[in-house]
Amino acid sequence: MQLPEATNFIEQIINEELEAGKFESRGNLIQVRFPPEPNGYLHIGHVKALCINFGVKEKYHGKLNLRMDDTNPAKEDYEYVNSIIEAIKWLGFEYDKLVFASDYYDELYAIAEKYIMEGNAYVCDLSAEEITATRGTLTEPGTNSPYRNRSVEENLKLFREMKAGKYPDGAKVLRAKIDMSSPNINMRDPVIYRIAHVPHYRQGDKWCIYPMYDYAHPLSDAIEGITHSLCSLEFENHRPLYDWVIEKAGFPAPVPRQIEFARLNITNMLMSKRYLKKLVDEGFVRGWDDPRMPTLMGLKNRGVPPEALKKFCADVGVAKNYSVVSLAQLDECIRDELNKTAERAMAVFDPVKLTITNYSGEEELDFEINPLDGSGATRKVKFTGTVYIDRDDFALNPPPKYKRLTVGSNVRLKAAYIVRCDDVVLDENGEVKEILCTYFPETRSGSEVKSEVKAKGVIHWVDAKYGKDVQVRRYKPLLKDEEYPDQDYAERLDKESETIFYAKCEPYVAEGEDEKPYQFMRTGYYKKCTDGGEAVLSEIVTLKDNFNK
RNA sequence: UGGGGUGUCGCCAAGCGGUAAGGCACGGGAUUUUGAUUCCCGCAUUCGUAGGUUCAAAUCCUGCCACCCCAGCCA
């Protein structure tokens with residue numbers, strides 16, 4: 001059989017198993033799953049797991065189930081399942097089936113009775129505190145529960161009464177009977193069912209006992225016929241239990257195999273649910289989908305293309321090393337994608353007026369929409385000879401190697417003419433108020449006429465008559481408040497995480513469609529949107545700037 | 001001081017006994033109506049560390065060191 005080339009250790013394992021014929025009985029069908037608990041929003045950390053799982057599905061022409069791991073009714077809701085589905089859809093991944101762990105409750109319950117009948121589980125009356133106390137420590141073994149040797153009949157009766165609602169929360173649990181002296185604490189008779197008189201968002205109050213993750217997850221995998229259960233490193237300690245649960249349930253081979261990989265961390269990126277929730281709850285951000293949030297809906301709102309996230313995951317790779325990837329690597333992937341796809345446009349963030357003294361009238365110039373897409377397509381830009389340029393595109397005292405406008409030098413106005421600065425008008429504070437130039441008609445952009453006039457650099461501009469006012473929003477990474485012990489977190493967030501100011505841009509941009517990303521020369525990628533009827537340019541990522549290095 | 005993991009360039013990461021891929025970052029140069037992009041060129045005599053086996057070790061063996069995870073009726 002023709003095996004695809006493995007690009008990471010997980011695929012290597014799968015290839016080896018395939019080669020050994022492990023899955024011949026099921027037609028070599030590889031099956032994986034993505035199992036979020038619907039208790040929060042997906043964030044960039046989840047993209048890695050998504051890419052790995054969907055990567056396996058595609059590579060081996062296998063199947064992938066999106067499974068809501070909803071075994072804790074206290075925290076889960078449809079709001080989250082919907083947002084998870086929406087996020088996955090946005091990324092462009094297509095799963096084969098949407099399933100819910102809660103759909104297996106009946107089957108899971110039946111397996112629990114089987115455990116009891118075969119002496120692999122018992123009902124324990126110890127309180128949560130007592131269970132903790134008898135579990136032992138990292139270095140000392142635990143002690144057996146006094147209820148550990150109840151008869152099968154008594155266990156069955158008690159368990160059925162638990163299910164029937166005879167006992168209050170916490171009164172009893174069902175425990176796996178494994179080994180209280182195991183060096184692996186997860187094997188010290190873990191709780192597999194608890195009583196919780198809490199309605200389930202899908203099951204209503206059909207149940208008052210709910211299975212624990214360590215029990216429900218492996219069995220869900222087995223029930224679905226999952227071949228590879230990919231999860232993060234912190235579950236390595238659970239693998240023996242994962243295997244035990246499936247073995248005692250008696251599923252036939254090939255049984256699912258859990259493989260762990262390192263989760264994604266990014267410098268300066270807050271990803272723990274706890275902090276994100278705090279930011280939302282305390283109003284530091286506008287919501288889970290605020291463009292500053294690392295949630296997928298936040299990233300989408302920010303204007304990050306899903307392709308960039310996939311490339312990022314591919315670049316970062318899959319391994320078991322604990323790692324923290326630098327944010328620059330993500331930014332580079334976003335730029336790479338946007339550079340190929342975003343329209344070019346002009347906007348001036350810190351405007352200063354530039355008047356061409358020898359120009360009169362008005363004309364339309366051709367502006368190339370994207371020099372990289374090969375189409376050569378252009379659009380019209382109106383020009384009246386009086387424009388705004390960016391304040392730092394002009395220098396009274398130019399630093400070395402400065403390529404833009406200075407008194408007495410030439411510069412090209414992008415898509416228009418080369419101009420020479422003759423004079424400058426300063427205000428009472430010595431700030432540049434107006435720049436006076438003359439232009440060279442023969443240097444009109446696209447002109448065939450050879451001109452002796454040269455310019456060192458090119459700058460962008462917005463016509464003074466036609467330019468529009470826009471609100472600009474720029475962002476800085478959200479950091480944990482712990483990282484700023486001496487500052488007030490709220491104040492810092494207000495001041496730094498979002499900067500709002502007004503700028504000038506082309507009417508084409510201000511009046512263009514929402515959610516469209518643009519590249520502005522030397523400043524960066526911005527998404528145009530409308531907020532309260534006002535045109536807003538919202539920062540996606542900056543452009544590289546080699547001048548300031 | 002129990003158990004499970006991980007240590008290869010500033011950050012990721014290949015490598016699987018035959019003499020250190022690639023990406024990001026960084027430095028230099030060329031092209032450019034974006035100081036962007038593109039394009040060259042440079043960037044680990046060394047793989048946590050100390051020994052050992054071998055003609056040959058990042059890869060095998062042994063000891064040590066560092067870091068991460070586990071004592072929820074969370075997932």
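How far does a polar side-chain atom of Thr-132 lie from a phosphate oxygen of RNA strand B? The distance is 3.4 Å. Keep in mind that this is a predicted model.

Let's stay with the RNA. Ser-326 puts a polar backbone atom 3.4 Å from a sugar or linking oxygen of RNA strand B.

Which elements give two or more residues to the surface near RNA strand B? They are helix H5 (128-134), strand E6 (191-195), helix H11 (306-316) and H12. H12 gives the most, with four residues.

Now the whole surface. There are 67 residues around RNA strand B. Arg-344, Ser-445, Gln-519, Arg-522 and Asn-546 come nearest.

Next, the second largest pocket. The space in this pocket is about 410 Å³. Its lining has 22 residues. Nearest the pocket centre are Arg-302, Leu-327, Asp-331, Lys-476 and Pro-477. The lining comprises 15 nonpolar, two polar and five charged residues.

Which elements each supply at least two residues of that lining? Helix H10 (296-302), helix H12 (327-341) and strand E27 (534-542) do.

One element to take away: H12. This helix supplies at least two residues to the lining of the second largest pocket, and it gives four residues to the surface near RNA strand B.

Definitions and conventions:
Residues are numbered from 1 along each chain as its sequence is written. Chains are lettered from A and ligands numbered from 1 in the order in which they are written. This is a predicted model: local features need pLDDT of at least 70, side-chain atom pairs count only at pLDDT 80 or more; totals for chains, interfaces and linings use all residues. Side-chain values use heavy atoms; hydrogens and water are left out. On a 1 Å grid over the protein atoms alone, a cavity is a set of points where a 1.4 Å probe fits but cannot get out, and a pocket is an open set with protein on both sides within 12 Å along at least five of seven lines; lining residues have an atom within 4 Å of a point. Grid points are joined across faces, edges and corners, and a volume is the space filled by probe spheres set on the points. Ala, Val, Leu, Ile, Met, Phe, Trp, Tyr, Cys and Pro count as nonpolar, Asp, Glu, Lys and Arg as charged, and the others, Gly among them, as polar. A residue is near a molecule or strand if one of its heavy atoms lies within 4 Å of it. A polar contact is a pair of N or O atoms within 3.5 Å; within protein, one must be able to donate a hydrogen and the other to accept it, and residues adjacent in sequence count only if both atoms are side-chain atoms.
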